[in-house]
Amino acid sequence: MTSSENARSRVVLITGAAGALGTAVAERLAGEGATDLVLCDLSAERLDATASAVKDSGSQVLTRVVDVSDAAAVDEAVAATVDRFGQLDVLINNAGVLSSSGRIHNQPPEEWERQLKVTFMGTVHGTTAAVRVMRKQDGGGSIINTASVSGLTAWPYAAPYCAAKAAVIHLTKVAAVEYAKERIRVNCVCPGTFESAMTADIPEGALPSLTARHPLGLGKPEDLVGAFSYLAGTDSRWTTGAEFVVDGGYAAP
Ligand SMILES: NC(=O)c1ccc[n+]([C@@H]2O[C@H](COP(=O)([O-])OP(=O)(O)OC[C@H]3O[C@@H](n4cnc5c(N)ncnc54)[C@H](O)[C@@H]3O)[C@@H](O)[C@H]2O)c1
């Protein structure tokens, strides 16, 4: 179904949309029909590739180069969304960067700051801008944060990333409670390790033990999209403040 066939397509903004998970989620949601997409990332070229991946779905697509650590740029992307589509129904705060590998005493202050600016404040900026729009909408909206099992369990040698993801999980819960009355649901997905540019840099020597810590093995972006689909859809209308662990069993022991 295209937006022209449906009086009110849902409008979904995804950050980190040019990455592995962002692209897979865009494809899944576009494939469900009656969905228009705003795809945000750092690179226009890689955004075009994601837009091409959904071109046959019938979705209208707006791409925006946005650095999520820049509050004004995120505000502009949300304003452009409302200008173009008149609403914002679903925000997926998905942009993130992995820490350089090292124990806590070897992590420079710049690495902590980078994680806070991109992984955490990027989510804060997205949430703030989206809530301002969604509060005025009859149906509220759904905000989905891509967190990580590393925000729930200790993932050694990446403390700045883990701490930033833990902050994202707690922000999710507070926002869920603050905005429930305005029908804005806020949830997060906590993936285990899956294939992407981010994990391509994991040293080969570390892979066997990392794989062994996932009883179902390492994942692929496609293994995660169902959780995003549920949280973006009406079946999750009574779900808020949840941390959806999708991790091949990593966090179970
Ligand atoms: N890959 C994993 O194993 C794994 C596990 C748990 C959580 N995650 C999370 O999943 C999300 C998606 O990551 P991925 O694995 O698809 O990696 P990816 O590197 O393929 O995608 C991340 C995307 O975020 C974008 N990005 C980075 N900084 C940005 C910024 N300042 N502004 C806007 N965009 C920015 C990158 O350009 C990239 O396209 C991230 O939040 C990541 O932390 C990944």
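A salt bridge is a side-chain nitrogen of Lys or Arg within 4 Å of a carboxyl oxygen of Asp or Glu. Glu111 and Arg114 meet this way, 3.1 Å from N to O. Both sit in helix H4, 3 residues apart, so about one helical turn separates them. Helices (H or I, at least four residues) and strands (E, at least two) are DSSP runs, numbered from the N terminus. Glu111 is buried at 8% relative accessible area, while Arg114 is partly exposed at 33%. Buried means under 20%, exposed over 50%, partly exposed in between (1.4 Å probe, protein chains only).

The model is predicted: local features need pLDDT of at least 70, side-chain atom pairs count only at pLDDT 80 or more, and totals for chains, interfaces and linings use all residues. Residues are numbered from 1 along each chain as its sequence is written, and side-chain values use heavy atoms, without hydrogens and water.

The structure holds 7 salt bridges. One of them joins Glu32 to Arg10, with the closest N and O atoms 2.7 Å apart. Glu32 lies in the loop between helix H1 (20–31) and strand S2 (35–41), and Arg10 in strand S1 (residues 10–15), so the pair ties together parts 22 residues apart in sequence. Arg10 is buried at 16%; Glu32 is partly exposed at 35%.

Lys173 pairs with Glu243 in another salt bridge, at 3.2 Å between the closest N and O atoms. Lys173 belongs to helix H5 (residues 159–179) and Glu243 to strand S7, so this bridge ties together parts 70 residues apart in sequence. Lys173 is partly exposed at 30%, and Glu243 is partly exposed at 32%.
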